[in-house]
Amino acid sequence: MPDLKASGLFLVWSEVPADKDENFNRWYNDEHLADLVAIPGVLNAARYEAVSGSPKYLAAYELTNPEVRDTPEYEEHLIKP
């Protein structure tokens, strides 16, 4: 496999209500991350938790290019209201 390098970085800060935090983390860790890294062009995903202050979470997604977010595969995994 070729050594792919990211030329896009997508950062998402989020704050989750305390009563939803456990379910959010279960979904994020067990489903969301695996779904995202399966999308062509998403090279890596990591999430960080603040030790103080807010927002509580920062997610960093390494992309082959910023246009990955415009693909049908990426759009399929967006959370829709």
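Modeller: The side chains of Lys56 and Asp21 meet in a salt bridge, at 3.3 Å from N to O. This is a predicted model, in which local features need pLDDT of at least 70 and side-chain atom pairs count only at pLDDT 80 or more, while totals for chains, interfaces and linings use all residues. Residues are numbered from 1 along each chain as its sequence is written, and side-chain values use heavy atoms, with hydrogens and water left out.

Biologist: What is a salt bridge?

Modeller: Side chains of opposite charge can pair when their charged atoms come close. The rule here requires a side-chain nitrogen of Lys or Arg within 4 Å of a carboxyl oxygen of Asp or Glu. By this rule there are 4 salt bridges.

Biologist: Which parts does the pair of Lys56 and Asp21 tie together?

Modeller: Lys56 lies in the loop between β2 (42-49) and β3 (57-63) and Asp21 in helix α1, so the pair links parts that are 35 residues apart in sequence. Helices (H or I, at least four residues) and strands (E, at least two) are DSSP runs, numbered from the N terminus.

Biologist: Is Asp21 buried or exposed?

Modeller: Buried means under 20% relative accessible area, exposed over 50%, and partly exposed in between (1.4 Å probe, protein chains only). Asp21 is buried, with a relative accessible area of 14%, whereas Lys56 is partly exposed at 25%.
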